[in-house]
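Look over the sequence and the structure, then read the points by topic.

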Amino acid sequence: FTKRKLDDDTLQDLEDILIQADLGVETAMTITERLADGRYNKEVSGEEVQKILADEVNAVLEPVAKPLEISSRDDGSPHVILMIGVNGAGKTTTIGKLAQKFNAEGKSVMLAAGDTFRAAAIDQLKVWGQRTNSPVVAREVGSDAAGLAFDAMTEAKEQGRDILMIDTAGRLQNRTELMAELEKIVRVIKKHDESAPHSVLLVLDATTGQNALNQVEIFSKIAGVTGLVMTKLDGTARGGILVAISAKHKMPVHFIGVGEGVEDLEPFKSEDFARAIAGLAE
Amino acid sequence: MFDSLSDRLSGIFDKLSKRGALSESDVNAALREVRRALIEADVALDVVRSFTEQVKEKAVGVEVIKSVSPAQMVVKLVHDQLVEMLGSEGQVIDLNTPAPVPIMMVGLQGSGKTTSTAKIALRLQTRDKKKVLMASLDTRRPAAQEQLRVLGEQNGIETLPIVEGEGPTQIANRAMNAGRLGGFDVVMLDTAGRIHIDEPLMVEMAEVRKVANPHEILLVADSLTGQDAVNVAKSFDERVGITGIVLTRVDGDGRGGAALSMRAVTGKPIKLLGVGEKADALEEFHPERVAGRILGM
Ligand SMILES: Nc1nc2c(ncn2[C@@H]2O[C@H](COP(=O)(O)OP(=O)(O)OP(=O)(O)O)[C@@H](O)[C@H]2O)c(=O)[nH]1
Ligand SMILES: Nc1nc2c(ncn2[C@@H]2O[C@H](COP(=O)(O)OP(=O)(O)OP(=O)(O)O)[C@@H](O)[C@H]2O)c(=O)[nH]1
Ligand SMILES: [K+]
Ligand SMILES: [Mg+2]
Ligand SMILES: [Mg+2]
């Protein structure tokens, strides 16, 4: 844009930018309305408009940008992180990246191969275990994921590990039998330690559109999601559904994934995210 | 979660003229709701625009017949236009070339390529009595080759033995040779996931295509994809010339507007739908069903 009036046409263009970033109609409209408030029909430069747009998006995201807190536990039991989400979102890879990060912070990590279903899912996690020098608790393919999680908790406690990360099989939130299985995993974890799982991280794929809202709602109901990780932001998808999710659920967002490598995990920074949505270069 | 388009349109038309032909202002009001419904179903904005233009052309001036309401009339026009744009059904995998027929699977990370490779191989083997060899060219993702090997073992489909240290083009070469020597009808090439702006990986994909000269190049895409679907489909099509689209996770509760987006920007047919994680969870594409779902009907 060059200098132009903040009129209906301009506002429609701004709304379109937001829609193309996957914010959805409702959230896009709310944000452009807020943007127009007090500025309607004023002259603004193109860059200014995008900056204001980024500011409005940031206003929604800033309250949810929260680091992942790891509790220090005095009874020697680990901080348990349960990784959940739909198929292919990036759960296993994110566990690998997190293991690297925790190691670098001097925390000892253990991984549990809770995806006992998908072909070679256990081997995939084992490779991440090797890469990050983290022991992996695994059972044979087809065994009960909840039982595996329980055993891993015993083992992590015995070894005095700081953090246990439990991988799970991907599941679509409308598949009730698979969601019941997830509910059972949480229930069995609680039998071991009433306060666990201490973090339940829902992994969202940035290329996903409006369905991510359903994912947050149903996974939260079943498994008590405590925070979000958004992956695959190294592409052209902007992940704007996160704005709609934040507006509606105020769910903390901890990390973003920006590649397939072990270091490709960054803390979620609302300002950068908002600027990218508004189409401003980093 | 969403009101169905019919309900919304009835609400609109209640306030508008109910008799005679659909006026331009009636249609415009209705199309605002259609636009919204399509965006909520994840149809890409540019595609929504051209879609509503086409519906408008057809709708203005149409006589509303007595037996239906104007809302029903517009819903039908929208539905028919969706079906038309989604394309015809029954576009099966084309094997009409000397054996072994190479089929290459491409797409973003985690879209469902490896699973769909096994599904298609199983279908060709059991339904069409073809002898199929599968090869994984994914030397990057941990245990990716092992994943395809296990799927082969579980479903009785042969896989190319894994040789450490080979690159994707070398594996493609070896697969085609093994396909010829072993008397296979079809060779399925599963490739690593890649993001469409990752230049080295897009180049690598084009090199694999040169080596294998695939008869089918199928873009495997998640039906839950949002607005990015157009960028993905366009980029993959430009770089390798896809011959069709396989949509996965259709067993989810997404509205699946990405199907329309990808079809519209590439003009390539949607060939198959993945409807689950198991190897037999593969269905043929029916435009009416997908159209109905996009409209929440
Ligand atoms: N480009 C990119 N790829 C990613 C990112 N995170 C994960 N991936 C890739 O996405 C694909 C799926 O990742 P996984 O970690 O296997 O996903 P998952 O959720 O464990 O998958 P399932 O267990 O099969 O449900 C792999 O190819 C990963 O390398 C990311 O941030 N960026
Ligand atoms: N529910 C459902 N899950 C599917 C479908 N197709 C694939 N999946 C699952 O999606 C996840 C990713 O599938 P893969 O076949 O590994 O995907 P990919 O494209 O090969 O992944 P990368 O090689 O890592 O890029 C796995 O958990 C599959 O079981 C489908 O149609 N429905
Ligand atoms: K995906
Ligand atoms: Mg996994
Ligand atoms: Mg794969």
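A polar contact here is a pair of N or O atoms within 3.5 Å. The model is a predicted one. Its scores are ipTM 0.97 and pTM 0.97. Chain B has an average pLDDT of 93, and 97% of its residues score at least 70.

**Ligand 1**

- Ligand 1 is surrounded by 23 residues. The closest are K91(A), T92(A), T93(A), D234(A) and E260(A).
- The residues around ligand 1 come from chains A and B, so the two chains share this site.
- Helix α4 (residues 91-104) of chain A gives the most to the shell around ligand 1: four residues.
- The side chain of E260(A) places an N or O atom 2.7 Å from an oxygen atom of ligand 1.
- From chain B, Q109(B) has a polar side-chain atom 3.4 Å from a nitrogen atom of ligand 1. On its own, ligand 1 has 650 Å² of accessible area, and the protein covers 95% of it.

**Ligand 2**

- Ligand 2 has 24 residues around it. G112(B), K113(B), T114(B), T115(B) and D251(B) come nearest.
- This site is also shared between chains, because residues from chains A and B surround ligand 2.
- α5(B) gives the most to the shell around ligand 2, again with four residues.
- S111(B) has a backbone N or O atom at 3.2 Å. G112(B) has a polar backbone atom at 2.8 Å.
- R141(B) uses its side chain: an N or O atom there is 3.0 Å from an oxygen atom of ligand 2. Taken alone, ligand 2 exposes 650 Å², of which the protein buries 96%.

**The sheet of chain B and its helices**

- Chain B holds an open sheet of eight strands with mixed pairing. The order is β3-β2-β4-β1-β5-β6-β7-β8. Its edge strands are β3 (158-159) and β8 (282-284), each pairing on one side only.
- Strands of a sheet pair through backbone hydrogen bonds, either parallel or antiparallel.
- Strands β1 (residues 101-106) and β4 (residues 186-190) of chain B pair in the parallel sense, over five bridges. Within this pair, I103(B) has M188(B) in β4(B) as its bridge partner.
- Helix α5 (residues 113-126) of chain B lies across β1, β2 (132-136), β4, β5 (216-222), β6 (244-248), β7 (270-274) and β8 of that chain. α5(B) runs at about 170° to β4(B).
- Helix α8 (residues 199-212) of chain B lies across β1, β4 and β5 of chain B. α8(B) runs at about 170° to β1(B).

**Backbone points to check**

- Most residues other than glycine have a negative phi, and most peptide bonds are trans.
- Which residues does a cis peptide bond join in chain A? They are A196(A) and P197(A), with omega of about -10°. P197(A) sits in the loop between α7 (176-192) and β7 (199-205) of chain A.
- In chain B, a cis peptide bond joins A99(B) and P100(B), with omega of about -5°. P100(B) is in the loop between α4 (70-86) and β1 of chain B.
- N41(A) is not a glycine, yet has a positive phi of about 70°. N41(A) is in the loop between α2 (25-36) and β2 (43-44) of chain A.

Terms used:
Residues are numbered from 1 along each chain as its sequence is written. Chains are lettered from A and ligands numbered from 1 in the order in which they are written. This is a predicted model: local features need pLDDT of at least 70, side-chain atom pairs count only at pLDDT 80 or more; totals for chains, interfaces and linings use all residues. Side-chain values use heavy atoms; hydrogens and water are left out. pLDDT is the predictor's confidence in each residue, from 0 to 100. Two strands pair if DSSP finds at least two bridges between them. Helices (H or I, at least four residues) and strands (E, at least two) are DSSP runs, numbered from the N terminus. Contact means heavy atoms within 4.5 Å. Axes are lines fitted to C-alpha atoms, for helices over the stretch in contact, and angles run from 0 to 180 degrees between N-to-C directions. A residue is near a molecule or strand if one of its heavy atoms lies within 4 Å of it. A polar contact is a pair of N or O atoms within 3.5 Å; within protein, one must be able to donate a hydrogen and the other to accept it, and residues adjacent in sequence count only if both atoms are side-chain atoms. Accessible areas come from the Shrake-Rupley method with a 1.4 Å probe; for residues, only the protein chains shown count as cover.
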